[in-house]
Amino acid sequence: MRTPSLVAYSYLMTGQGRPEDLQFSQPPVRSTRLTVRCDQNRMISMSDVAPLIDTWATDYGTLEEEVPDPEAMERLRSKDTPRDWPMPAVRFVNQSGTEAIIVQNGRFDIEWTFASDTEGASLYPGYDALESELQKRFDEYRDRVRIRGLDITPYGAECRYENPLPECSAAEAAVGVLTQWSGEPAVYLPENGYVGVRLHGCADPANNDCSSYIAVDGDPEAVPILSIVVEKMDADGTRPLGGLRQAHDELIDLFFQYTSSEQHEKWGMER
């Protein structure tokens with residue numbers, strides 16, 4: 001469905017920053033993944049993770065495995081033996097499959113799904129609630145593995161949000177992101193075929209690490225998805241959870257800059 005969103009003005013283009021304590025009554029969040037990156041005094045093993053099966057049995061009772069994080073695989077050397085190989089990423093999943101804790105070497109993640117068409121999914125509760133759950137589970141994880149002599153120290157964080165944009169086509173969303181919704185495209189927009197855009201983002205070069213990206217993906221009959229990923233480093237270890245809140249703050253700045261004022265109104269922006 002076509003909308004006049006492409007001609008809506010942008011707060012960034014008019015020189016306005018996002019309001020303090022920006023909130024939406026109906027945020028378009030489909031899924032979120034929050035990550036704490038960690039230094040360890042040794043590699044984690046399945047025997048370190050095993051006690052967490054009982055600890056999280058009530059809330060995250062399903063156990064799954066994934067291939068290890070690519071960074072862990074890249075650290076392998078030709079002389080390493082099978083004992084040195086990183087263990088698979090272990091997923092602890094809730095009953096409805098909409099929340100999962102992921103434990104692996106060098107990182108700790110929790111991901112949530114909030115899509116309205118996903119059975120068992122809840123409404124997005126706001127970042128504070130997600131951070132509180134991650135802090136609780138990370139503390140449980142660190143306490144359990146410390147008993148086995150594994151020390152975990154956060155040094156960075158990553159924040160990823162995916163937001164559907166059903167009010168426009170994938171091509172319109174791509175043009176909107178590239179022009180920051182400042183005008184009509186100068187060329188014909190294709191109605192068929194995949195459309196994708198990737199760009200490096202930086203909300204404020206003076207205050208941010210600028211290790212962020214914005215992406216739009218969409219197939220012909222699918223709702224386009226706006227994805228934003230922000231990474232933060234905390235080398236001196238002074239920020240809780242490796243700087244996760246600071247990563248989220250920058251993500252919100254980028255979200256505000258790369259969406260239109262018309263969309264903000266539709267999502268119930270509270271001034």
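Ring pairs join Trp56, Phe92, Phe108, Phe138 and Tyr141 into a cluster. Rings of Phe, Tyr and Trp (its six-membered ring) pair if their centres lie within 6.5 Å; planes under 30 degrees apart count as stacked, over 60 as edge-to-face and the rest as tilted. This is a predicted model, in which local features need pLDDT of at least 70 and side-chain atom pairs count only at pLDDT 80 or more, while totals for chains, interfaces and linings use all residues. Residues are numbered from 1 along each chain as its sequence is written, and side-chain values use heavy atoms, with hydrogens and water left out.

The structure holds 10 aromatic pairs. In one of them, the ring centres of Phe24 and Trp267 are 6.1 Å apart and the planes stand at 85°, so this pair is edge-to-face. It links distant parts of the chain: Phe24 is in strand β1 (residues 23-24) and Trp267 in the loop between α7 and β11 (269-270), 243 residues apart. Helices (H or I, at least four residues) and strands (E, at least two) are DSSP runs, numbered from the N terminus. Phe24 counts as buried because its relative accessibility is 15%, and Trp267 counts as buried at 5%. Here, buried means under 20% relative accessible area, exposed over 50%, and partly exposed in between (1.4 Å probe, protein chains only).

Now look at Phe108 and Tyr141, whose aromatic pair is stacked, with 5.1 Å from centre to centre and 25° between the planes. Phe108 lies in strand β6 (residues 107-113) and Tyr141 in helix α4 (residues 127-147), so the pair ties together parts that are 33 residues apart in sequence. Both Phe108 and Tyr141 are buried.

Next comes the sheet. It is an open sheet of nine strands, in the order β3-β4-β5-β6-β2-β7-β10-β9-β8, with antiparallel pairing. The edge strands, β3 (62-66) and β8 (195-201), each pair on one side only. Two strands pair if DSSP finds at least two bridges between them. From one strand to the next, the twist averages 15°. Axes are lines fitted to C-alpha atoms, for helices over the stretch in contact, and angles run from 0 to 180 degrees between N-to-C directions. Strand β2 (residues 31-40) and strand β7 (residues 152-164) run antiparallel and are joined by 10 bridges; Arg37 stands opposite Gly156 in β7. Helix α6 (residues 244-257) packs on the sheet, touching β2, β7, β8, β9 (211-218) and β10 (225-233), and its direction makes about 145° with that of β10.

Not counting residues up to four places away in sequence, Gly242 touches Pro154, Gly156, Ala157, Lys232 and Asp234, where contact means heavy atoms within 4.5 Å. The C-alpha atoms of Gly242 and Glu158 are separated by 8.9 Å, though the two residues are 84 residues apart along the chain.

Finally, find Thr259 in the loop between α6 and α7 (261-266). Thr259 is buried, with a relative accessible area of 1%. Its side chain reaches the backbone oxygen of Phe255 at 2.5 Å and makes a polar contact with the side chain of His264 (2.8 Å). A polar contact is a pair of N or O atoms within 3.5 Å; within protein, one must be able to donate a hydrogen and the other to accept it, and residues adjacent in sequence count only if both atoms are side-chain atoms. Leaving aside neighbours within four places in sequence, Thr259 is in contact with Trp181, Leu226, His264 and Trp267.
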